[in-house]
Amino acid sequence: MNELFGELPEFFKDEAEKSDLFDVLAYVAYTLPPLTLKERANKAKVIISTQFNTKQQVFLDFVLSHYVSVGVDALAQEKLVNYCT
């Protein structure tokens, strides 16, 4: 176990800035390759386009664009409140 955790920072050295904590957990649990924030957002957009109305899609696209540019911190509750006011 120490060997795995010892190598994690090195494994995510290049990917961490473009990925999020979910990728670290997915790698540890299932050895899944990391997705970039953009890849994760694009997967979500496919689901959003079929599950939500146009007004909801516009808002979710806005949130996803901030997620891609800023990272998961863009989804912090205090930041979402600022976007909505």
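This is a predicted model: local features need pLDDT of at least 70, side-chain atom pairs count only at pLDDT 80 or more; totals for chains, interfaces and linings use all residues.

Colleague: Leaving aside neighbours within four places in sequence, which residues is Arg40 in contact with?

Modeller: Arg40 lies in helix α3; helices (H or I, at least four residues) and strands (E, at least two) are DSSP runs, numbered from the N terminus. With neighbours within four places in sequence set aside, the contacts of Arg40 are Asp20, Phe22, Asp23, Leu35 and Tyr67.

Colleague: Which side chain does Arg40 meet in a salt bridge?

Modeller: A salt bridge here is a side-chain nitrogen of Lys or Arg within 4 Å of a carboxyl oxygen of Asp or Glu. The structure holds one of these. At 2.6 Å, N to O, the side chain that meets Arg40 is that of Asp23.

Colleague: How many residues apart in sequence are the parts that this pair ties together?

Modeller: The salt bridge joins the side chains of Arg40 and Asp23. Arg40 sits in α3 (residues 37-51) and Asp23 in α2 (residues 21-30), so the parts tied together are apart in sequence by 17 residues.

Colleague: Is Asp23 buried or exposed?

Modeller: Buried means under 20% relative accessible area, exposed over 50%, and partly exposed in between (1.4 Å probe, protein chains only). Asp23 has a relative accessible area of 3%, so it is buried.

Colleague: Where is Leu32, and what does it touch?

Modeller: Leu32 is in the loop between α2 and α3. Its relative accessible area is 42%, which makes it partly exposed. Not counting residues up to four places away in sequence, Leu32 touches Ala26 and Tyr27.

Colleague: On to α3 itself. How far apart are its end C-alpha atoms?

Modeller: The expected span of a helix is 1.5 Å times one less than its number of residues. For the 15 residues of α3 that gives 21 Å, and the end C-alpha atoms agree, being apart by 21 Å.

Colleague: Within what arc do the buried residues of α3 fall?

Modeller: The buried residues are Leu37, Arg40, Ala41 and Ile48. The arc is that of the directions from the helix axis to the C-beta atoms. Seen down the axis of α3, these residues line one face of the helix, because they fall within an arc of 90°.

Colleague: Which exposed residues does the other face of α3 carry, turned away from its buried side?

Modeller: On the buried side, the residues of α3 pack against α2 and α4. The face turned away from that side carries the exposed residues Lys43, Val46, Ile47 and Thr50.

Colleague: What is Ile48 in contact with, beyond neighbours within four places in sequence?

Modeller: Ile48 is found in α3 and is buried, with a relative accessible area of 9%. Leaving aside neighbours within four places in sequence, its contacts are Gln57, Leu60 and Leu64.

Colleague: And within what arc do the buried residues of α4 fall?

Modeller: In α4, the buried residues are Val63, Leu64 and Tyr67. Seen down the axis of α4, they line one face of the helix, because they fall within an arc of 100°.

Colleague: Last one: how many helices are there in the chain?

Modeller: Read along the sequence, the pattern is α-α-α-α-α. The chain has zero strands, and its helices come to five.

Terms used
Residues are numbered from 1 along each chain as its sequence is written. Side-chain values use heavy atoms; hydrogens and water are left out. Contact means heavy atoms within 4.5 Å.
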